[in-house]
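Please look through the model below before reading on.

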Amino acid sequence: VAVNRARLDYGFFQALTAKIDAATADGDTQEAEALTALRQQINAELDRQEDLIRAAEDHASLLIMEISEADDLEAAVRENKEQINELFVAVLTRLIAAAGDKESKRGQKLRRILDASLDVLEEDMPPDVRLINRLARAEHPEETATVLERDRDLLTERFLERYDEMVESVARRNEELAEHLKAVREQIVAKMTLQR
């Protein structure tokens, strides 16, 4: 169920119900009962997984509130490093979007928590992946130029290959981010040319 969650939609259940109805109409009660039991099991597992996700999101929301009350946001994030994960970042990103105005006090605080969280997550990443993540978050062209200048020793042909792989992967999920990364790639190539 977890692996096929996205495919277990209304159409899936409609097709399953049609099979149950067809088995019933054909007098195949054993097949109809087996398919009905399957439908109940799938629904029960979907509900269980939904409850787990909701509980994890609630936990992340409470942690965000706790961190936001700290005097030192960065230290509070670091103290809770083991609980900072993709779900935490996803919930935090949703809250930032819900806060609306980036310049509001709440929006700025949430953004600082996000930046500190991403920094903590990036500490365990290889340097080239960390650089790609920073470039993805930086404003183009000023901030990305600063990031590239700071990490110019990482700008190699191997890095560029890995960067291109990342852009290709991102393009399938987020066209806007992919366009940003493509624009940054021009800066990378220019900086590499100057270093030669």
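A crossing of two helices is called left-handed if the near helix is turned anticlockwise from the far one by less than a right angle, and right-handed if it is turned clockwise. Helices (H or I, at least four residues) and strands (E, at least two) are DSSP runs, numbered from the N terminus. This is a predicted model, in which local features need pLDDT of at least 70 and side-chain atom pairs count only at pLDDT 80 or more, while totals for chains, interfaces and linings use all residues. Residues are numbered from 1 along each chain as its sequence is written, and side-chain values use heavy atoms, with hydrogens and water left out.

Start with helix α6, which passes α8 in a right-handed crossing. The contact (heavy atoms within 4.5 Å) is made by Asp128, Val129, Leu131, Ile132 and Leu135 on the α6 side and by Phe159, Arg162, Tyr163 and Met166 on the α8 side. The axes of α6 and α8 are 11 Å apart, and the angle between them is about 55 degrees. For such values, axes are lines fitted to C-alpha atoms, for helices over the stretch in contact, and angles run from 0 to 180 degrees between N-to-C directions. Angles under 35 degrees count as roughly parallel, over 145 as roughly antiparallel, 65 to 115 as roughly perpendicular and the rest as oblique. How is α6 placed relative to α8 by this scheme? It is oblique to α8.

Helix α6 also packs against α7, at an angle of about 165 degrees and with the axes 9 Å apart. That makes α6 roughly antiparallel to α7. Here too α6 passes its partner, α7, in a right-handed crossing. From α6, Leu131, Arg134 and Leu135 meet Thr144, Val147, Leu148 and Arg150 of α7.

Between α6 and α7 there is a loop, and proline 141 is placed in it. Most residues other than glycine have a negative phi, and most peptide bonds are trans. The bond that joins histidine 140 and proline 141 is cis, with omega about 10 degrees.

Next comes α7 itself. Which residues of α7 (residues 142-150) are buried? Buried means under 20% relative accessible area, exposed means over 50%, and partly exposed lies in between (1.4 Å probe, protein chains only). Thr144, Val147 and Leu148 are buried in α7. Seen down the helix axis, the buried residues of α7 fall within an arc of 100 degrees, so they line one face of the helix. The arc is that of the directions from the helix axis to the C-beta atoms. Glu142 and Arg150 are exposed on the other side of α7. An α-helix has 3.6 residues a turn, so residues three or four places apart point the same way.

The buried residues of α7 pack against α6 (127-137) and α9 (175-195). With α9, the packing angle of α7 is about 45 degrees and the axes are 10 Å apart. This makes α7 oblique to α9, and their crossing is right-handed. Thr144, Ala145, Leu148 and Glu149 of α7 meet His180, Val184, Gln187, Ile188 and Lys191 of α9.

Now turn to the aromatic rings. A pair of aromatic rings is described by the distance of the centres and the angle of the planes. Rings of Phe, Tyr and Trp (its six-membered ring) pair if their centres lie within 6.5 Å; planes under 30 degrees apart count as stacked, over 60 as edge-to-face and the rest as tilted. How many aromatic pairs does the structure hold? There are two. Phenylalanine 12 and phenylalanine 13 have ring centres 5.2 Å apart and planes at 85 degrees, so the pair is edge-to-face. Phenylalanine 12 counts as partly exposed because its relative accessibility is 28%, whereas phenylalanine 13 is buried at 16%. For phenylalanine 159 and tyrosine 163, the ring centres are 5.9 Å apart and the planes are at 40 degrees, so this pair is tilted. Both residues lie in helix α8 (residues 157-171), four residues apart, which is about one turn of the helix. Phenylalanine 159 and tyrosine 163 are both buried.

Finally, consider two residues of helix α2. Glutamine 49 is placed in α2 (residues 29-68) and is buried, with a relative accessible area of 11%. Leaving aside neighbours within four places in sequence, glutamine 49 is in contact with Val1, Ala2 and Arg5. Serine 68 also lies in α2, and at 17% relative accessibility serine 68 counts as buried. With neighbours within four places in sequence again left aside, the contacts of serine 68 are Leu73, Lys109 and Ile113.
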